[in-house]
Amino acid sequence: MLWHQKDFNEVIKELGSSLPGLSSEEAQKRLREYGPNALKETKKKTPFMMLLEQFGDFMILVLIAAAVISGFIGEPADTLAIVVIVILNAVIGFIQEYRAEKAMEALKKMAAPSALALRDGKPVNIPASELVPGDVVLLEAGRIVPADMRLVEAAQLKIEEASLTGESIPVEKGTDILRGASIPLGDRRNMAYKGTTVTYGRGAGLIVSTGMETELGKIAVLLQEEEEVKTPLQKRLAVFGQKLGIAVIAICAVVFITGLLRGEDTLLMFLTAVSLAVAAIPEALPAVVTISLAIGAKKMVRQKALVRKLPAVETLGSVTYICSDKTGTLTLNKMTVEEIYINGEIKSIKESKYQSIKNSDTLTLGIYDTFFTALALSNDAVSDKDGKAIGDPTEVALFEAAEKKGFKKTELERDYPRIAEIPFDPERKCMTTFHQVKSEKLTLNSQLSTLNFISFTKGAIEVLIDKSNKILTTDGLQEIDKGEILKVSDRMAADGLRVLCIAMRTWEGLPGDMPPEKIETGLTVLGLTGMMDPPREEAKEAVAVCKAAGIKPVMITGDHPLTATTIARRLGILEDDSTAVLTGSELEKLSMKEFEERVENIRVYARAAPEQKIKIVKALQDKGEFAAMTGDGVNDAPALKRADIGVAMGITGTDVAKETAHMILLDDNFATIVKAVKEGRKIYDNIRKVIKYLLTTNSGEIWTLFLAPFFGLPIPLLPIHILWVNLTTDGLPALSLAVEPEEGDVMKRPPRHPGESIFAHGLGLHALWVGLLMAASVLCVQAWSIRSGNAHWQTMVFTTLCLTQLGHVLAIRSERESLFKIGLFSNKPLFGAVLLSFILQMATIYVPFLNPVFRTEPLTAGELMFTLGLSSVVFFAVEIEKRQRRRAG
């Protein structure tokens, strides 16, 4: 029902109610019919089912199989390591999913616990859950609106709706009928919505919707219907795990069958094939990924970004669009005076230097002085004990503008104490304060009457212009040119500014009777103020960095199109293309197909409703884009959940938004997202390096075992050798790659395509050719040693394979730059891991009691130098590959 379009008497009639409210009997009857005024939850998954689902991933199933096989062949260390990894991943996944269930609980907390309703003609305090359609509820400052209602009375009523609509300042409410079916929630001034807060005045409303039928309830439905989208890393690792599992089974089967055909021992070949399977599965990968994300999350906390769901760390590195709320994220969430109009000129508040203008002997207080005195005195804002201004956002803006120019309210009030006032009224759209003139400083112009009392009036320009007949200039009082003033006001409003007119009147004596129509007339205009919630300085730089990184920033807000457009232009989000702006009502008329044709070109959405934010995110995802959504309000929660990554605000954000989001910005700053994107890209780069390393080393081991028989060579490695290489050279260096510093071009390249394979950019080809080169080096050592009658050939093969992999990990630290440029010690953990792995490998050769365990024999100095020389071939080959890449640009 479009209740805002109906007269409240018509609404009363339709709901079968009356202004004295419902009878207790009728209320009980309706409570049974409509149900309680509360948000309902869908059936939840039990914690046990959540935990069980964590073991359903294909990669995890492969690891569990590897653990069983390791136990079967007598390698309990490998079994234990894999089990720990699997459990760790399951626990992290469970915690993240369990936290997501808290979003509905946070939404419920927004509901009012009680309400003051009229029952049987008397006001009674009842639980808000017992309210029904047709109830009349009384509202006053500090109360939470308990249900959606059509207002029937509004006395200076203001309601803060930022969490629902994104409007940054409290909305003035009235009771007049509003025409137009598609009026956005933020413009429905005769309605009050569940979960919003009364900040000023009082009123009464007739409840039209309760529980899940309210606007807040509709958000709850969206929140419960929307499923979280898997992160790109989760998608890529799932595909990678499936392909790898199939490939490993196939290769091991070929190795086993080939060995049997050559007449090898069946048990030996089975153990070799199984050992190869365990080695080929990179069981360290899930642990490395988890550790990489955890390290990134810890670093991001220091940068004011709190990660609630670990995969979000990497996800930010994949985003192609950042859909950001305006208020508080791109802006300061604080109304500020930006421009003033005095003496026929529009000036920036920063440029308008305080000056006392004297144009006659009797003018000792200039127009600037008078103007800023009016801003300070005709104002209910005050400073708290810490010197922070508190009060209505508009009044705080005027208060601070005056104070910055040296006009302190507390000091001025000693000379011009307030003795009367006519409060702001939404119908009059202005307020007036009376001040006694005690100071001799205030002698204006001889054209003004004697100053005993002065009144200052501020309000809407279209109202005060009709109440004024003069304007104060440096040439004294002049007849007002109303057309010119309105033209100036329109120019300021076109810049997205909220325009207020400041006027005054002098009095010989204080009027005994103060009806507004007699007091607020014959005014003298002092000037105009243009206010807005200004963009953050750092947000502009962050937007530029995003664009350089190939990420398209998009503003989605409940605010007015003019305001949104102005902010977007100042930040650089919007160029001069007017077609890149779309309002909520225009979006509503578009089908999903029509919208998808335009979505990639839209940069600003104004007056957007919660369900439209989801439509935007879905359309981008359908076009193959990867969307991040930032927000702080309840209205953002469904879209935060649906987005590839949801980013909530930590300071102004509601609990609902925080519980739904993947990540929370502790400083509510858009610029923090840029730091998070950089960290995300670095982490993904490092995970790719880990995969490249593990795949290449496993590839080298597989090629070595697979090709040896074709060259007439015996099995080069024993099962113990394969498992040892898997444990030492695969494990520690791989973990250390996770802390590799970011590459220099990390924020100068476009985002990865969301559908990009984990093998993209030559990773698969690298693993193949370097693996073959490793196998060639190892088999060369084996062939030369056997033909020269060397009894230590297997130890040399074992050592060559191990050291080749250590050389490889050093070479792949950067995709393009040489190790000699980035330096050995720029990643100290990796240098330490390589050194430790080398020492452990030497121990298997030269520590006597380890020789029988690893079936090794001490090598001579010459043999060791030979193995070291051949082991370095891979390192130099990869360095040459990187040099070619640099030359190719």
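How many bridges join strand S19 to S20, and do the two run parallel or antiparallel? Seven bridges join strand S19 (residues 498–507) to S20, and the two strands run antiparallel. The model described here is a predicted one.

Strand S20 covers residues 523–532, and ten of its ten residues are buried, so the strand is largely enclosed by the rest of the structure.

Strand S17 (residues 468–473) runs parallel to S20 and is joined to it by three bridges. Two of the facing pairs can be named: serine 468 stands opposite leucine 523, and isoleucine 471 stands opposite valine 525.

## Positive phi angles

Most residues other than glycine have a negative phi. Glutamine 156 is not a glycine, yet has a positive phi of about 50°. Glutamine 156 belongs to strand S4 (residues 148–160) and is partly exposed, with a relative accessible area of 24%.

Asparagine 343 is likewise not a glycine and has a positive phi of about 55°. Asparagine 343 is placed in the loop between S10 and strand S11 (345–348). Its relative accessible area is 28%, which makes asparagine 343 partly exposed.

## Salt bridges

A search of the whole structure finds 35 salt bridges. One of them is formed by the side chains of glutamate 345 and lysine 347, at 3.6 Å from N to O. Glutamate 345 is partly exposed at 40% relative accessible area, and lysine 347 is partly exposed at 22%. Lysine 547 and glutamate 575 meet in another salt bridge, at 2.8 Å from N to O. Lysine 547 lies in helix H20 (residues 537–548) and glutamate 575 in the loop between helix H21 (561–571) and strand S22 (581–583), so this pair ties together parts 28 residues apart in sequence. Lysine 547 is partly exposed, with 37% relative accessibility.

In a further salt bridge, the closest N and O atoms of lysine 689 and glutamate 743 are 3.3 Å apart. This pair links distant parts of the chain, 54 residues apart: lysine 689 is in helix H27 (residues 670–707), and glutamate 743 is in the loop between H29 and helix H30 (763–787). With buried meaning under 20% relative accessible area, lysine 689 counts as buried at 1%, and glutamate 743 counts as buried at 13%. Elsewhere, Lys692, Glu815, Glu881 and Arg885 are linked in a network of salt bridges.

## Aromatic contacts

The whole structure contains nine aromatic pairs. Among them, phenylalanine 875 and phenylalanine 876 form an edge-to-face pair, with 5.1 Å between centres and 80° between planes. Phenylalanine 875 counts as buried at 10% relative accessibility, whereas phenylalanine 876 is partly exposed at 45%. Phe371, Phe372 and Phe407 form one aromatic cluster.

Which rings does lysine 158 lie over? One is that of tyrosine 200, where lysine 158 lies over the face at 5.7 Å from the ring centre. Another is that of phenylalanine 424, where the charged end of lysine 158 sits over the ring, 5.3 Å from its centre.

## A nonpolar surface patch

Ile291, Ile295, Leu732, Leu735, Val739 and Leu836 form a nonpolar patch on the surface, and together they have about 400 Å² of accessible area. Helix H11 (284–302) and helix H29 (731–737) each contribute at least two residues to this patch. Isoleucine 295 is in helix H11. Isoleucine 295 is partly exposed, at 36% relative accessible area.

Note on methods
Residues numbered from 1 in each chain as written. Predicted model: local features only at pLDDT ≥ 70, side-chain atom pairs only at ≥ 80, totals over all residues. Heavy atoms only, no water. Patch = residues over 30% accessible without salt bridge, like charges linked within 9 Å, V, L, I, M, F, W, Y side chains within 5 Å. Areas by Shrake-Rupley, 256 points an atom, 1.4 Å probe, with all protein chains shown as cover. Salt bridge = Lys/Arg side-chain N within 4 Å of Asp/Glu carboxyl O. Helix = DSSP H or I, 4+ residues; strand = E, 2+ residues; numbered from the N terminus. Buried < 20%, exposed > 50% of the residue type's maximum accessible area, 1.4 Å probe, protein only. Pairing = 2+ DSSP bridges. Phe/Tyr/Trp six-rings, centres within 6.5 Å; stacked < 30°, edge-to-face > 60°. Lys NZ or Arg CZ within 6 Å of the ring centre and 35° of its normal.
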